[in-house]
Amino acid sequence: MQIRFMRTVFEPSNALEGHMLQDLLKQRGISSRVDGAPGFFAALIGLALGVAGSYLFFRAPTSTTGIDHNEDGTIDERWFTSTRGSAVRTEVDRNFDGVVDYIYRYDNRGRIDALEADDDFNGSLETRWQYHDGSVASGEADTNGDSSIDIRFHLKHGILESMGYLVPGSETPVRIGYLRSARIAFAELDSDRDGQMDVRHRYSDLAEIVATEEIAAPQ
Ligand SMILES: [Ca+2]
Ligand SMILES: [Ca+2]
Ligand SMILES: [Ca+2]
Ligand SMILES: [Ca+2]
């Protein structure tokens with residue numbers, strides 16, 4: 001029972017946190033080792049320190065707090081912080097089904113580094129957004145679950161500029177749509193699948209094709 005209790009009190013979320021804890025324990029004259037299984041490691045520490053002491057110890061350096069957005073008593077957005085107090089990741093359950101479907105990850109300076117999303121809520125995070133200088137710079141999605149990327153997104157200062165649909169299992173786009181202020185402005189297609197874009201559609205503000213032109217093959 002004691003071990004089970006400790007597992008719920010604290011589990012190092014990664015090896016780095018485990019090693020940081022190990023250093024802290026050494027400073028207190030308690031020897032420990034970082035095991036491959038974080039839960040097992042936490043249980044060992046729990047037995048060494050005793051339940052009450054370790055509860056205070058683990059609560060002090062690491063905080064796990066969040067927001068209950070829909071006020072049903074369950075936290076839907078959790079903030080995970082390192083023992084030094086910097087942000088590590090944020091997990092969000094956007095559709096309130098109890099399964100995390102949105103994970104922000106932060107670099108070692110606390111800046112947002114990436115965002116992983118389960119946009120079809122099937123339990124797998126198929127979309128990944130990469131941040132640069134605080135804004136989303138690019139994204140990729142495996143929408144059909146075959147482990148290869150189907151769509152790539154390019155952004156500038158967080159604004160979507162283009163999205164390319166890839167030939168399955170390759171990095172070759174068959175269609176790239178270019179956007180202006182969230183509207184499709186034009187799209188380039190590789191209609192004969194030879195790896196070269198050959199047709200360009202231009203769109204009205206209502207996303208209707210208003211012009212179609214050929215793209216000359218490169219010399
Ligand atoms: Ca809730
Ligand atoms: Ca969810
Ligand atoms: Ca998914
Ligand atoms: Ca895929």
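1. Setting aside neighbours within four places in sequence, Glu-116 is in contact with Ile-103, Leu-125 and Arg-128. Glu-116 belongs to strand S5, which covers residues 112-117. Is Glu-116 exposed, partly exposed or buried? Glu-116 counts as partly exposed, because 18 other C-beta atoms lie within 10 Å, and the cut-off for buried is 20 or more. Another pair to find on screen is Glu-116 and Glu-126: ten residues separate them in sequence, while their C-alpha atoms are 7.5 Å apart.

2. Before going further, please keep in mind that this is a predicted model. The mean pLDDT of the protein is 81, with 71% of its residues at 70 or more. Two stretches call for care. Residues 1-21 have a pLDDT below 50, and this stretch has 40 contacts in the model beyond near neighbours in sequence. Residues 51-63 are also below 50, with 17 contacts of that kind. Where pLDDT is low, the predicted coordinates should not be read in detail.

3. Now for the overall picture. The protein has four helices and 13 strands. Of its 219 residues, 17% count as buried. Among contacts with a separation of 6 or more, 15% are between residues 24 or more positions apart.

4. Which residues make up the largest nonpolar core? There are six: Trp-129, Tyr-131, Val-136, Phe-153, Leu-155 and Met-163. Strands S6 (127-132) and S8 (151-156) each supply at least two residues of this core.

5. S10 (residues 173-180) and S11 (residues 183-189) run antiparallel and are joined by six bridges. Across this pair, Tyr-178 stands opposite Phe-186. The hairpin of S10 and S11 has two residues between the strands, and Ser-181 in this hairpin takes a positive phi near 50°. S11 also pairs with S12 (residues 199-203), again antiparallel, through four bridges. Here Leu-189 stands opposite Val-199.

6. Most residues other than glycine have a negative phi. Ser-147, although not a glycine, has a positive phi of about 70°. Ser-147 sits in the loop between strand S7 (135-141) and S8. Ser-147 counts as exposed because it has 8 C-beta neighbours inside 10 Å, and the cut-off for exposed is 12 or fewer. Ala-207 is not a glycine either, and its phi is positive at about 65°. Where is Ala-207 placed? Ala-207 lies in the loop between S12 and strand S13 (209-214). With 10 other C-beta atoms within 10 Å, Ala-207 is exposed.

7. Finally, a look at Arg-109, in the loop between strand S4 (102-106) and S5. Is Arg-109 buried or exposed? Arg-109 is exposed, because 8 other C-beta atoms lie within 10 Å. Arg-109 and Ala-87 are 22 residues apart in sequence, with 8.3 Å from C-alpha to C-alpha in space.

How values were computed: Residues are numbered from 1 along each chain as its sequence is written. Chains are lettered from A and ligands numbered from 1 in the order in which they are written. This is a predicted model: local features need pLDDT of at least 70, side-chain atom pairs count only at pLDDT 80 or more; totals for chains, interfaces and linings use all residues. Two strands pair if DSSP finds at least two bridges between them. Two residues are in contact if their C-beta atoms, placed from the backbone, lie within 7 Å. A nonpolar core is a set of buried Ala, Val, Leu, Ile, Met, Phe, Trp, Tyr and Cys residues joined through C-beta atoms within 7 Å. pLDDT is the predictor's confidence in each residue, from 0 to 100.
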